[in-house]
Amino acid sequence: MKITSIEIHNFRSILECRLSCRDMLVLLGQNNHGKSNIIGALDFALNSSKPNIDDLFALAEPGDKTIWVEVSFGRLTDQEKTTWRKYVQADGIFCFRKTASFDDEDRVDVKYNGYVSEPNEEWLKADNVRNYTKRDVVSGTPLSPYIPESGQVTKAIIVAAQEQYIKEHSEDLDFRVGLEEGPLLGQKNVAKGVLPEFFLVPAIRDLSDESKVRNTALFGKLLTYAVKEMASRNPLFHSIEEQLSDLVNVLNAGPETEDRPQQLTDLESSIQQELTGWDVRVSVEVTPPDISKIIELGTEIHLNDGLKTLAKRKGHGLQRAVIFGLMKAWARVMRGSDAAGGSITARRASESVIFAIEEPELFLHPHAQRTFNKALRVLSEGTNSQVIVSSHSTHFVDLDDYRGIALIRKESVEKGTISVQCTEDLFEEEADRKRRFHMATWVNPDRGEMLFARRVAFVEGETEKLIFPFLAEKMGCHSEDVSIIDCGSKNNIPLYVAIAEAFHLNYVVVHDQDSLSNLSSQKLNTTIKELVGEAGSVVVLRPDFEGCGQMPKNEGKRKGKPLAALDHFDSVTADQIPQQLVDMIRLVYGET
């Protein structure tokens, strides 16, 4: 099963925030805007951790000392449908809420509740089962024919009767979806493993934390799984277990046994002599060892890159690569375990794994970032694997999958962290436009930086991308958090405007007017103007950039437009820049 949506209330910098999730969700945003808090909220929801009062949103409504996170899942396996059958809605979605409530002394109480679809009739509601476990009470309801004529009326009998009645009369009943009053699965604490496995790799993570042999560490999980496989299949493993068992039996035998080592008998006698006055008998007994623990002790990861050392002594980049390798290996193990099949039971552990990674680009050079991004996307496409990433790198931005991107913003402390996403198909009507947009993004991956910028300027080509920052420096208004995006041509500008509008970017479009006699160009100018919403603005350079800059046409033909423009403006002072360009540059960099 995979997460379809997350809703967060009162957690750290978040007052209210909702995110739609795909196989891979990429969280983008400036530092200290709440990306890590979103991942932390999911960690709270899926793991057994308890928050403290400092995790409560600082400006929460008076009297609201409650944190809650709702997680909805879709694409459940048959096993998971069985486990969560009470909560699976008609559309196949299962949703639960984890709540942390603080009392007046800031003590916390944590509970899990699921959303259920139930009939309006009181005698069919799961939370009311205990009210009908007396025969005289249940006999006054339509459940009576479904109850045995004799014997005690138990909770299980009433539950079975409700389920059977609903199954036979579903078309005649009115259902409503609401949060159950009782605990999820009828238990105060959700059993470990029933919810998907959640692995969090923070931005700062030492490999030694994940390479330890413990059940909470990735390497420990992998090693434990491997040892279990050996224990069940390897004859040598069984032989060693039998030999250990024989040895322990000899060691624990009485002093009269010939095979028992004399040293143990002498040790018992020596201790007993010292305790003569206590009238006790002393025996030294050996507890049979678990062979899997023997193998785990002292097991460590070594890497040989020309010098064999412990993995934790290598560089940070290689250490993170090992952590990511462990994650992918565990995902393969989970998939292999799922493929092996097995019986379906009501509370079997979930096969699903969710990986959350903060700043996966750390310590990785650009090529390694692109490679790792591809690996994560392949991992996320697995039946039971899902990936959530928070990043500042354009190499983890895939505009082809714009619905898997969430811009995380904190416009004010009072409003808190919010998410901006585009979940609709922007190009469903014109497939050709969609293909052209795909091609544009593949040709120039740097265009992904538009999603990180404070302000974006969409321009026709590389000349404007080169000259705008150059002129802004001369004018003293240049800002590094403004991105100039070369759209490849004026024809592609509407495509980028669509993305900017979908993600509510602060942007300006700059394009040439071109010849008034060119009807197709003038029609495109009108289209661009109509597409730009309130968050954007349009600057039309009349007749074109070269004309506004008073650049000789022949220089552009001889040197190429970018180099000719650079040479032309190199000797121009700030007060010599044509006014139309001055106004345009100030608008681009947000000074007007």
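Mentor: Let's clear up one term: a disulfide is a pair of cysteine sulfur atoms within 2.5 Å. By that cut-off the structure has zero disulfides. Bear in mind that this is a predicted model, where local features need pLDDT of at least 70 and side-chain atom pairs count only at pLDDT 80 or more, while totals for chains, interfaces and linings use all residues. Residues are numbered from 1 along each chain as its sequence is written, and side-chain values use heavy atoms, with hydrogens and water left out.

Cys17 is buried at 4% relative accessible area, and Cys95 is buried too, at 11%. Here buried means under 20% relative accessible area, exposed over 50%, and partly exposed in between (1.4 Å probe, protein chains only).

Now for the helix, α8. Helices are DSSP runs (H or I, at least four residues), as strands are (E, at least two), numbered from the N terminus. Helix α8 takes in residues 262-274, 13 residues in total, and spans 19 Å from first C-alpha to last, close to the expected 18 Å; that expected span is 1.5 Å times one less than the number of residues. Leu264, Thr265 and Glu268 are its buried residues. They sit on the same side of α8, because their arc around the axis is only 100°, taken from the directions from the helix axis to the C-beta atoms. That buried set packs against α7 (235-251), contact meaning heavy atoms within 4.5 Å. On the face turned away from the buried side, you'll find exposed Gln263, Gln273 and Glu274.
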